[in-house]
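This report concerns the sheet of a protein and the overall dimensions of its chain. The structure is shown below.

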Amino acid sequence: MDKKPAVRLTQEDQLEIDTICLTALLERARRATMLSPIGTGFVFWLVHEIVAAKLVLAWVIINTLPDTITFVLTSRLIKRPLPNQQISYWHNLQISLRSLQGLCWGSAVIFFHVAWPVSVVHDMTILVVLIAVSSAGIVNTAPSFRTSFGFTFGVLIIPICYYFWLGDPIYIKLAAGSILLLLVTLQFGWNAYQQFIDGAKQLVLNRRISLQLEMRNNELDELNRQLSVTASHDSLTDLYNRRFIVAQLEQQLDNFRLHGNPCSIVLIDIDRFKQVNDQFGHASGDQVLVAFSRRTEPQIRLGDIFGRYGGEEFLLVLPMTELPTALSLAESIRGHLASTPLLEHPQPLTITASFGVAQIRPNESIDTWLIRADKALYRAKENGRNCVMAD
């Protein structure tokens, strides 16, 4: 089977992995120092009747000192995020402290070595305790193999050297076995480290993928919003387009048939718009359409629907509005439009519009409704333009 291509980690990804490893290492180191007194107390119980009290007390103090330092430092560091530039420093400090802890544990074979005939059994008992401590350290130091190596090596290197120095065949065998045990423990430590790193990498990659998906979803949401706006708005005036307006008319017709809610429409046509195009050009004509839209929009009530119906024609849908109110609103828009020039360039240009108003009637279709508004608009044109007519 083909192997899946490896995902390349960025510098930011590697920094995040280092942060995860150090944070986990600090948390585990703190827990380890809280459990360490149990092991120290057990060793004390094993040797207090065999070894001089001064030696026992000295070893307990020596063994407790790095644990105390580690506990204080990790308790402070866990409470606040570490700056990126300090990650390497605190990692190296943890390696040093845990290596020192390992050496303190390993020194037990020297502090508590007793004379024959109980020495071998007693030393083997101490060695078993050290083996258990080094094995437990594999779990606690899994986020950092260098820390795992330093602690495990520190625990077992003193027994190995001391047993070789004693020179007795039984101790040489214990030293050789301890070397083999050290190698096996380090192998397990490496495996635990690899598993932790793989998990941290996967976590970082999952976060990156999740962030990318979130960004893509946001982009798609924005694209959908833009598409929705494009589908329902006129590209020139940014008003609602004909399709949206007709859909709103259908909804108002349904409301009228179901609940009897009144609704009126106002069909608006800019007067002499062709002359504007002929005299000033189509670009100026487009400016007139945009300026007309901006001039009219502030006059629209909340809930009313205003859109470009086609060309220079605009349609205003007035839900819950009867004919007299619609006529009054149309007249207000007409007067405001004609009161001041719509454009100042290339010369002051005042634009007027004609208005056709119609209220929905029972058993009437949208087409019939629009035709009545169009007839009213036509009469406004015949009546000299710049006026409001109703049907």
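In this predicted model, strand β1 (residues 263-270) pairs with strand β3 (residues 313-319) in the antiparallel sense, over seven bridges. Within this pairing, serine 264 stands opposite leucine 318 of β3.

Strand β3 also runs antiparallel to β2, to which five bridges join it. Here leucine 316 of β3 is the bridge partner of phenylalanine 306. The two strands β2 and β3 form a hairpin with two residues between them, and glycine 311 in the turn has a positive phi of about 60°. Strand β2 is mostly covered, with five of its six residues buried.

The two pairings are set side by side below.

| Strand pair | Sense | Bridges |
|---|---|---|
| β1 and β3 | antiparallel | seven bridges |
| β2 and β3 | antiparallel | five bridges |

Both pairings belong to an open sheet of five strands, ordered β2-β3-β1-β4-β5, in which the pairing is mixed. Because β2 (305-310) and β5 (388-390) stand at the edges with a single partner strand each, one side of each is left without a neighbour in the sheet. From one strand to the next the twist averages 20°.

The secondary structure of the protein as a whole comprises 12 helices and five strands. Its radius of gyration is 43 Å, whereas a compact globule of 391 residues would have one near 21 Å. The C-alpha trace spans about 130 × 50 × 50 Å along its principal axes. Of the 391 residues, 42% are buried. The accessible surface comes to about 21500 Å², and carbon and sulfur atoms account for 60% of this area.

Notes:
Residues numbered from 1 in each chain as written. Predicted model: local features only at pLDDT ≥ 70, side-chain atom pairs only at ≥ 80, totals over all residues. Heavy atoms only, no water. Pairing = 2+ DSSP bridges. Helix = DSSP H or I, 4+ residues; strand = E, 2+ residues; numbered from the N terminus. Axes fitted to C-alpha atoms, helices over the stretch in contact; angles between N-to-C directions. Buried < 20%, exposed > 50% of the residue type's maximum accessible area, 1.4 Å probe, protein only. Rg over C-alpha atoms; globule rule 2.2 N^0.38 Å. Areas by Shrake-Rupley, 256 points an atom, 1.4 Å probe, with all protein chains shown as cover.
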